[in-house]
Amino acid sequence: MHKILTFPDHLRLINERSTAFRAAVAAAPSLDLQVPTHPERTLFDLVQHVGMGRRKSAAIVAAGPADAPPEKSAWEDGMGAPREREALLAWWTESVEQLTNALREAGPDRGCWTWWGDSPSPQTSGAWARRQVPEIAVHTYDAQLTVGAPQPLSEEVALDGFDDCQFTLCATTVAWPHEPAIVDYHATEGHSWRLRLSHDGAQVAHLTPAAGEDPDTADASARGTASDLVLFFYGRIPLDSLKFEGDRRIFDQLVAWDPSV
């Protein structure tokens, strides 16, 4: 069974991963280090990018129900992040506080604009809170990798994060433009997901076959720790880092597919 994390769990994990992100930045010998997973960015660029993302998310949650995200002026003052390290770290802390304060004030059930309207995930502040955890966790991995001390995502973060990635980022009613396919993901921690791709879109389910039942054979599957599944999903590690079986082309098609186009 999947452990269902609560709204307070997500707030706790946002703070936990944000603290780890800050520690990696504070330990860096220079803010001009190139981020290996984003060679076009320095560590400073990464902090500014992630911090602005938290401020934008805070503004979306604070705005409540809406048909579109708030104007940029609601979350960016045009100044950007300060370049001096201590000021930058303070700016990062303030960015996360804006997010968590907005989430606490909203609670888990407030409706708000989201960009995942065609997925099964709700259009609520609680869904925004959940979405923040893998986002910040993966960027924390980026920062740690930049300073030479990458750490895997914790089991709690990774299992919930990969579940969110599948149901929020993968599931869609937009037609799959290739031959129908079944893709299975297996976490070594004992959880599995099935992604069905067809003209009806992408449908996700927890793969829990009954005893003695032989589920449909997948066209492709990937197995690894939940952390590695998340890092693969976000393009931080290659498919070859996982135990892969089946038609590799399907994964290439998934990576190239943008249902919003």
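Eleven aromatic pairs are counted in this predicted model, where the rings of Phe, Tyr and Trp (its six-membered ring) pair if their centres lie within 6.5 Å, with planes under 30 degrees apart classed as stacked, over 60 as edge-to-face and the rest as tilted. Salt bridges, taken as a side-chain nitrogen of Lys or Arg within 4 Å of a carboxyl oxygen of Asp or Glu, number 14 across the whole structure. As the model is predicted, local features need pLDDT of at least 70 and side-chain atom pairs count only at pLDDT 80 or more, while totals for chains, interfaces and linings use all residues. Residues are numbered from 1 along each chain as its sequence is written, and side-chain values use heavy atoms, with hydrogens and water left out.

**Aromatic pairs and cluster**

- Tryptophan 116 and tryptophan 128 make a tilted pair, with 4.9 Å from centre to centre and 55° between the planes; tryptophan 116 lies in the loop between α3 (85-106) and α4 (125-146) and tryptophan 128 in helix α4, so the pair ties together parts that are twelve residues apart in sequence.
- Helices (H or I, at least four residues) and strands (E, at least two) are DSSP runs, numbered from the N terminus.
- Tryptophan 116 and tryptophan 128 are both buried, a term that means under 20% relative accessible area, against over 50% for exposed and in between for partly exposed (1.4 Å probe, protein chains only).
- The rings of tryptophan 176 and tryptophan 257 have centres 4.9 Å apart and planes at 85°, so this pair is edge-to-face; because tryptophan 176 lies in the loop between α5 (155-170) and β3 (181-187) and tryptophan 257 in the segment after α7 (248-256), the pair ties together parts that are 81 residues apart in sequence.
- Tryptophan 176 counts as buried at 1% relative accessibility, and tryptophan 257 counts as buried at 16%.
- One aromatic cluster is formed by Phe162, Tyr185, Trp193, Phe232, Phe233, Tyr234, Phe244 and Phe251.

**Charge over a ring**

- The charged end of arginine 83 sits over the ring of phenylalanine 44, 4.0 Å from its centre, the criterion being that NZ of Lys or CZ of Arg is within 6 Å of the ring centre and within 35 degrees of the ring normal.

**Nonpolar core**

- The largest nonpolar core has 78 residues, of which Tyr185, Leu197, Phe251 and Leu254 touch the most other members; helix α2 (residues 43-63) gives the most to this core, with ten residues.
- Such a core is a set of buried Ala, Val, Leu, Ile, Met, Phe, Trp, Tyr and Cys residues joined through side-chain atoms within 4.5 Å.
- Leaving aside neighbours within four places in sequence, tyrosine 185 is in contact (heavy atoms within 4.5 Å) with residues including Phe162, Trp193, Phe232, Phe251 and Leu254.

**Salt bridges**

- Arginine 130 meets aspartate 160 in a salt bridge (3.0 Å, N to O); since arginine 130 lies in helix α4 and aspartate 160 in helix α5, the pair ties together parts that are 30 residues apart in sequence.
- Arginine 130 also meets aspartate 163 in a salt bridge (2.9 Å, N to O).
- Arginine 130 is buried, with a relative accessible area of 18%, while aspartate 160 counts as buried at 7% relative accessibility and aspartate 163 at 8%.
- Within helix α4, arginine 131 and glutamate 135 are four residues apart and so separated by about one helical turn; their salt bridge has its closest N and O atoms 2.9 Å apart.
- A network of salt bridges links Arg130, Arg131, Glu135, Asp160, Asp163 and Asp164.
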